[in-house]
Amino acid sequence: SDYLKRIDENHHLNVFLDVYDKEAQAKAEQIDRKIRNNEPLGKLFGLVVGIKDVLVLKDQKVSSGSKILEGFESQFTGTAVQRLIDEDAIIIGRQNCDEFAMGSSNENSAYGPTLNAADNSRVPGGSSGASAVSVQAGLCMAALGTDTGGSVRQPAAFCGVVGLKPTYSRISRYGLIAYASSFDCIGIFTNNIQDNASILSVIAGADDNDSTVSRKEVPDYDQLLKFDKKVKVAYIKETIESTDLQQEIKQHTIQKLDFLKEEGHEVTEVTFPYLEYLLATYYILTTAEASSNLSRFDGVRYGYRAPEADSMESMYKLSRTRGFGNEVKRRIMLGTFVLSASYYDAYYTKAQKVRRLIRDETRKILSDYDFIILPTTPTTAFPLNSQTENPAEMYLADVFTVQANVSGIPAISIPNGVDKNNLPIGLQIMTDVFKEDELFAFSNYLM
Ligand code: GLN
């Protein structure tokens, strides 16, 4: 109930689209009963968790931040959320986000922007912006977001919280409304590594409803946080020397690297020649996948349907014209274009090849080093409405985060001080696939 009160007091931040107050109270009472009767409790008992508006929960609304899903209710609960519930976590509500998880500022939501709690005139990042703010402002203990190109790590950095994107295929995508299926990952926001590790242990692992999930065993990550060895760390020259990088972020990142050297770890500069191709590769492939995934929203099967349409054709057209926002339309068109017969090879096939190069080069570095350290974002949180005019400018916010998604590797953003305006700075750590245990232990040591 403390959380419900704080949610109420922070209404102006526009974090929650729905608060499940009755259901949450009922769950809290059920947990109390279990405690009184000495019954076994789930591993996450009492953990208050918010979920991004792309994760479905039975009999509750879900809209992907879009008007096209207005009024739609889910008939089932997704795997990750179900596993939280089964371990006695309390699902507190549905959280605002950029429409179909496309964006870096939460300003593309059909339900209005969410405000950064550190400075209400600034964005919280995106697309899982509200989920980051919910943890930042103490409206819940943890939140599930999704990270297709940085949508958990970038808002975590802007809000000064921990944000994990695990290995692709570590967590089931069943019940996650798709944006770009070969990139989409559920991610976790918390205030500390311990909670993040406990949650991953619960939600990761094989699932009969998603054949792409790894069958690899899931360790108790939260029991493996001890860190007492010397490691090899690489940092990417092109990121730290990037002219787009804010001075204070550069300084804070270098300070962390210096600390590691002093502690006796091996810290080495490496070059990654593909940095300038990352965003192009990411945006060609994700828009292609999005144009295909979003074709199901046609006014027939879900949500909004234009009432005055008088033919099938006009129903599709009017429903989609009104239901989708500008950024989503832009990406559907771009994706349809790169998949069109005459341009397929020039764009889509080429981008697939570059994706392979990026992945191979990244994993080659990770065969020589335990971790790669880089800033999470080139700048701290920017003012509301400052980037909305120029989408290409907005895409730059993800220049350091998409590498992990293109490569399928895990990456985390942890708080790393503040800039002169007291805005949080994030530090990003990447490692090789399925090494979340080491990533958590090392992050815990660095925090
Ligand atoms: N900002 C990136 C985009 O707009 C990343 C989004 C995401 O990770 N869902 O595509």
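1. A word on classes to begin: Ala, Val, Leu, Ile, Met, Phe, Trp, Tyr, Cys and Pro count as nonpolar, Asp, Glu, Lys and Arg as charged, and the others, Gly among them, as polar. On that basis, the shell around the ligand holds 9 polar, 3 nonpolar and 2 charged residues.

2. Please keep in mind that this is a predicted model, where local features need pLDDT of at least 70, side-chain atom pairs count only at pLDDT 80 or more, and totals for chains, interfaces and linings use all residues. Residue numbers start from 1 along each chain as its sequence is written. The protein chain has a mean pLDDT (the predictor's confidence in each residue, from 0 to 100) of 97, and 100% of its residues reach 70 or more. The scores are ipTM 0.97 and pTM 0.98.

3. Back at the ligand, A101, S104, T148, G149 and S151 come nearest of the 14 residues around it; a residue is near if its C-beta atom, placed from the backbone, lies within 6 Å.

4. Helices here are DSSP runs (H or I, at least four residues), numbered from the N terminus. The axes of helix 9 (residues 278-293) and helix 12 (residues 344-368) come within 9 Å and cross at roughly 125°. Axes are lines fitted to C-alpha atoms over the stretch in contact, with angles from 0 to 180 degrees between N-to-C directions. Helix 9 is therefore oblique to helix 12, given that angles under 35 degrees count as roughly parallel, over 145 as roughly antiparallel, 65 to 115 as roughly perpendicular and the rest as oblique. Their contact divides into 9 nonpolar, 1 polar and 1 charged residues.

Note on methods:
Helices (H or I, at least four residues) and strands (E, at least two) are DSSP runs, numbered from the N terminus.
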